[in-house]
Amino acid sequence: MDPWTYAPAPESASLAEVAPSYRPFVDGAFVDGGGEPLKTVNPATEEVLAEVGTASPQDVDRAVAAARRAYEKTWGPMSGAERAKYLFRIARVLAERSRELAVLETLDNGKPIRESRDVDVPTAAAHLFHHAGWADKLAFAGLGPDPRPLGVVGAVIPWNFPLLMAVWKIAPALATGNTIVLKPAETTPLTALVLAEIAAEAGLPAGVLNVLPGAGDVGSAVAGHSDVDKVAFTGSTDVGKEIGRRLAGTGRRLTLELGGKAANIVYDDAPLDQAVEGVVDGIFFNQGHVCCAGSRLLVQESIAEEFGELLRARIETLRVGDPLDKNTDVGAINSRVQLDRIVDMAAAGDAEGAVRWTSSCPLPERGLFFPPTVFTGVEQSMRVAREEIFGPVLSVLTFRTPTEAVAKANNTPYGLSAGIWTDKGSKALWTAQRVRAGVVWINTFNRFDPTAPFGGYRESGFGREGGRIGLDAYLHV
Amino acid sequence: MTRTVPAPRATAESTGGFAGVGRDEASLRRFLHGLPGVDQVGLERRAATLATRSIKKGSKLRAIDLAISMIDLTTLEGSDTPGKVASLCAQARRPDAEYPDVPPVAAVCLYPDLVRGAVERLAGSGVQVAAVATAFPSGRSSRAVKLADTALAVEGGAGEIDMVIDRGAFLTGRYGKIHDEIVAVRQACGNAHLKVILETGELAGYDDVRRASWLALLAGGDVIKTSTGKISPAATLPVVQVMLQAVRDWHRLTGEYRGVKAAGGIRSTKDAIRHLVAVNEVAGPAWLTADLFRFGASSLLADLLRQRRTQVEGHYAGTEYIGAS
């Protein structure tokens, strides 16, 4: 008999209700943008999904002015309890339209429907509910007796979690009484625009939320706008540094959530099967397009061979393919540019003498895909150990002692996240105290919860999102 | 392609690189407590993810037939009678009278005194007769009684023996007692296959499930089985996952195939398919055979047949239209 296989189980693309064209959302209405329209592509097929109007510099001015008016006239003076009602309403509608949003996110981004359905959209809804609850309790957040909003927030977000990142900015900004101008990523603008539609449906006053699609120039105009009081940026370290330079000395507030090269440290006394799961999840979740991805595996030398064997066997079971298929584990690479970069970085790994292993899984004939890849024999000096690849490529290094593990984990300019795997609590805490990373997961990885602050330091940025402390970035205290 | 997997036969000597581990209490304890731990959160998260697999159309029909062929159709009641056994055997041979293409189940599972009648009724069908033994379900008796219980079943013609481990001994750390008991029962089995019931619902967590699994494998059990069906929780996806990891690792380290039986609590087709997904992805496709994976169940078959008719006929069939034992 033939082996048992899983028949294709695709979610229907029509659920996304993709419109032929989308427009910027300014001052409570969808308007024609003055910029050159862009075409957003489904990376799994490389077919155009929709045409999207983009913002001109004048549109940025209009959006910031609308946000300013809304801050001064409606949203700023409104009581926290009233603001909360809007946020709860948006959260509920988002949850109600979760299936549509999940499919749309998968079409526009390339991530598997299993993740957009089970992680992106529910986590976005949770973030809104969490912050809605804070809106009337800010005085009790322990930040000060009378925290006040900052004013107008300019937010620029990446393409890896388009809806979730939009919500990570919008929810705290609005809960704390600020208004916002949001620039979604050039390749993934659609869910943020549907979110704007949801906000309008929920009756959010005009100007409180503005969404301006466009490329880097629009992001730059938003981040550099003189009437923006605070900039929240998630994206690459290079762009983050540029924004930092522009805002230096202006008195405008800034939070940056940038790149990472996280270490997943596996000690020899780890729960091995679950560590394998965590390492797989750490690097192959969202095709490795995750700033906090566990892209460096540091495994204790005494178990390196066995762990590698278990890891490869597990990776072989990952199903790469149609992102809309409910059984797909690894979807499409978001853009041709990103795929080229991953290919280049992997070639650099080969050239520098690391040993490449690739899953034998079949890849679709068309679309942008890269197979799960593991480099062993990686040294600290190699590019695959130092540079963020932002793709499904894991670099494996070994260590002998906990001190060496910590030294290797910290031998990076980044400091966003880290994973520690051991059944021994004291060793986990000893390591966590010494690893320089904003987020440390112990015996788990890539867990996101609105109550847990997220963010890095050094070249991974500064400021925290989520949790009580995340409110601080949007308040005068 | 026909996949031929060597039948899971084990002898007391064939313990791969683990010869000597069971020689005394201390080395057993060192070995079992040296196994990697199981992290509950990660284990349950993986089980939840596996449960999201969407099995449709041809894959579902195939899974249903596979599941039917893996069932140990079970009745373990004080009220069992020869008549009840006869009707169970009839259904085991031909689960759905209207669809002769439905495969027979793997075995019927009974108390030892009912074995002889079942063997007669199932002669030539390929359906095995399995008997619970060793003071099932509690295992609370002397070794002599347990061995006599086993002998009764084997003499009746049982091809498979489902023994229980002494959970009291396990919980007090007397691994050697359990090991020796399994070895003794294994000998009393003769040619019959031995399934070792761990009764995971009475053990203290997933680390214990892993240790008990290895203990049974070391002592020569052909199959490790979750539960008696008399204790809840019985078979759960995380528990079965740990046991599948154990037989996978056993194969990785010794080259031998051993099996897993998920018994108790699996009543729906959906549940059964989730287990098959776990078998496929945790142990591997080689375990997708009745030689290496079984469902111990009484009511599961009825739901599988109903879902099978739904797949074939395109609409739901009422239970009253399907003959059940």
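1. The buried residues of helix 3 of chain B are B:Ser59, B:Lys60, B:Arg62, B:Ala63, B:Ile64, B:Leu66, B:Ala67 and B:Ile68. A residue counts as buried if 20 or more other C-beta atoms, placed from the backbone, lie within 10 Å of its own. Helices (H or I, at least four residues) and strands (E, at least two) are DSSP runs numbered from the N terminus.

2. On the basis of the note: this is a predicted model, in which local features need pLDDT of at least 70 and side-chain atom pairs count only at pLDDT 80 or more, while totals for chains, interfaces and linings use all residues. Residues are numbered from 1 along each chain as its sequence is written, and chains are lettered from A and ligands numbered from 1 in the order in which they are written.

3. Helix 3 of chain B comprises 13 residues and spans 19 Å from its first C-alpha to its last, close to the expected 18 Å; the expected span is 1.5 Å times one less than the number of residues. Its buried residues pack against strand 1 (71-74), helix 11, strand 8 (293-297) and helix 12 (300-313) of chain B. Contact here requires C-beta atoms, placed from the backbone, within 7 Å.

4. The axes of helix 3 and helix 11 of chain B come within 10 Å and cross at roughly 90°. Axes are lines fitted to C-alpha atoms, for helices over the stretch in contact, with angles from 0 to 180 degrees between N-to-C directions. Helix 3 of chain B is therefore roughly perpendicular to helix 11 of chain B, a label given to angles of 65 to 115 degrees.

5. In this pair, B:Ala63, B:Ile64, B:Leu66 and B:Ala67 of helix 3 of chain B meet B:Thr269, B:Ala272, B:Ile273 and B:Leu276 of helix 11 of chain B. By class, the contact has seven nonpolar, one polar and no charged residues. Ala, Val, Leu, Ile, Met, Phe, Trp, Tyr, Cys and Pro count as nonpolar, Asp, Glu, Lys and Arg as charged, and the others, Gly among them, as polar.

6. Between the chains, 26 residues of chain B are in contact with 23 residues of chain A. Helix 2 (40-50), helix 3 (57-69) and helix 11 (269-283) of chain B each supply at least two residues of the side that touches chain A. Helix 3 of chain B gives the most, with six residues. The residues on this side of chain B divide into ten nonpolar, nine polar and seven charged.

Methods
Contact = placed C-beta atoms within 7 Å. Parallel < 35°, antiparallel > 145°, perpendicular 65-115°, else oblique. Buried ≥ 20, exposed ≤ 12 C-beta atoms within 10 Å, placed from the backbone.
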